[in-house]
Amino acid sequence: MAGASLANLKNGAKKFIDIIYDATRGDTEGQIGFGSHIGIVSFATEATKDTSLITSVEELKSAVDALSAEGSTNHEDAFIKASELFDLTSSNEKIMVMFTDGKTTAGGDANVPASAAKAQGVVIYCIGLEGNGGIDVQAMSDWASDPDSAYVAISPSDEELEKIFEDLAKNITKPGARDIVITDTVSPCFKITSLSSPDKGTASLIDNRTAEWKIDELGVSKSEGAFLEFTVRHVGDCSGTTEVNESIEYEDKDGNTVNFPSPTIEIDCGGVVTPESCPKPVEFTADSCDDSIEFDAGDIYLDSLGRIIQIDVTLRNVCPNKRVALAVILNETDKCGKEYKRGLKTLTIPAHTREGCRDITVRCIKFVLPEDIDVAGGERTLCSSRRFNVRFIANYIDNGFDCCDKT
């Protein structure tokens, strides 16, 4: 790396040194205090220990200014030389920051010394600059501590490097956060279908679009990350490139601010058909101070005398300009496997006009199943389990056949 990229890297590294110095400043001017030290290792075809673990801000910045761009990229030797700087018998926290703008072109497997360092309690951050032939994001994820979201940062431009180093230094020196509450609301295009247990804290669903994650403390005694996984299902009409989150709100007792990434997903629904509409609501208003309300809702027809089964199905590779006849057959089975007819629906799926054959999703095929025909045995209540089989029959209505002209 050279030119503006190298200049911005140096500015970011010196900003990192300044923040560590300001956060740990002791009685001696120009010296990092409170037992903290910084060392610098540069690497090309081989790695070089430019400084040992020292406290002098001037010496550290001079070493940064002396960096130059040349040679190959030997990540393995960089991790080896950096690990040699640490006193493994020390109780101090040990943090390593790897910066790279390219893939490994010299040396061996860098994951070996990186894994050894992590096994000895070293926390590893990895910062990558895209460009210069590209970077190996998977390798950086393997080298860094877990989770990747907390310990791996990829910068698309060298102008952002200074900000990344600044944020990292603040994260390292800040005493963490307590009483954390994160509220994640997904886009109306999705609903949350499952929520895993986070590695730290507790999580719960507020509704089918909102998850709340609470953590007592994070990063108070050491650098650490946390992760939570949940699964969403696409339920809206949106398509194309869609943001997953509508909003993420963060708060903690220490007044930290956090900027979360905004992931997107590419949605290609092909075609979606909703053959049955939802029941229309009947609206009424309760005036203030009314403790007794009488309301005539008019004619209400029973849509459910028990359970409602709603079925979605996807028709694969439906060619353009052809309607499809779809039959849905629902049977219930008893404990011996005998089947009982519960319903048959036939639908006409409109033709699509898109180029090429596409998948067509048919949603909301509803069957009403009264409890008085339950064959599961035992009490006929909504709490009993019932077993069903569903079968589909589909064929084109439009066959494209034309009679020959007779002359």
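Contact here means heavy atoms within 4.5 Å. The model is predicted. By this criterion, Glu251 touches Asp179, Ile180 and Val181, leaving aside residues up to four places away in sequence. Glu251 belongs to strand 12 (residues 245-251).

Two disulfides are present. Their pattern is 1-2, 3-4, with bonded cysteines counted along the chain. One of them pairs Cys189 with Cys238, and the sulfur atoms are 1.9 Å apart. Cys189 sits in the loop between strand 6 (177-186) and strand 7 (190-195). Cys238 sits in the loop between strand 10 (230-234) and strand 11 (240-243). The bond therefore ties together parts that are 49 residues apart in sequence. Cys189 is buried at 12% relative accessibility. Cys238 is also buried, at 17%.

Cys319 and Cys357 form a disulfide as well, with an S to S distance of 2.2 Å. The torsion about this S-S bond is about 75°, so the disulfide is right-handed. Distant parts of the chain are linked by this pair, 38 residues apart. Cys319 is placed in the loop between strand 15 (306-318) and strand 16 (324-333). Cys357 is placed in the loop between strand 17 (339-349) and strand 18 (358-370). Cys319 is partly exposed, with a relative accessibility of 24%. Cys357 is partly exposed too, at 40%.

Two further cysteines were examined for accessibility. Cys336 has a relative accessible area of 69% and is exposed. Cys364 has a relative accessible area of 15% and is buried.

Helix 2 (residues 57-65) has the buried residues Val57, Leu60, Ala63 and Val64. These residues cover an arc of only 130° around the axis, which means that they lie on the same side of helix 2.

Aromatic rings were considered next. The structure holds five aromatic pairs. One of them joins Phe99 and Phe165 in a tilted arrangement, 6.2 Å centre to centre with 50° between the planes. Phe99 lies in strand 3 (residues 94-100) and Phe165 in helix 7 (residues 161-173), so the pair ties together parts that are 66 residues apart in sequence. Phe99 and Phe165 are both buried. Tyr125 and Tyr151 also form a tilted aromatic pair, with centres 4.9 Å apart and planes at 50°. Tyr125 is in strand 4 (residues 122-129), and Tyr151 is in helix 6 (residues 148-151). This pair therefore connects parts that are 26 residues apart in sequence. Tyr125 and Tyr151 are buried. Ring pairs also link Phe16, Phe99 and Phe165 into a cluster.

Lysines over aromatic rings complete the picture. Lys322 lies over the face of Tyr396, 5.5 Å from the ring centre. Lys345 places its charged end over the ring of Phe367, at 5.4 Å from the centre.

How values were computed: Residues are numbered from 1 along each chain as its sequence is written. This is a predicted model: local features need pLDDT of at least 70, side-chain atom pairs count only at pLDDT 80 or more; totals for chains, interfaces and linings use all residues. Side-chain values use heavy atoms; hydrogens and water are left out. A disulfide is a pair of cysteine sulfur atoms within 2.5 Å. Helices (H or I, at least four residues) and strands (E, at least two) are DSSP runs, numbered from the N terminus. Buried means under 20% relative accessible area, exposed over 50%, partly exposed in between (1.4 Å probe, protein chains only). The arc is that of the directions from the helix axis to the C-beta atoms. Rings of Phe, Tyr and Trp (its six-membered ring) pair if their centres lie within 6.5 Å; planes under 30 degrees apart count as stacked, over 60 as edge-to-face and the rest as tilted. A charge sits over a ring if NZ of Lys or CZ of Arg is within 6 Å of the ring centre and within 35 degrees of the ring normal.
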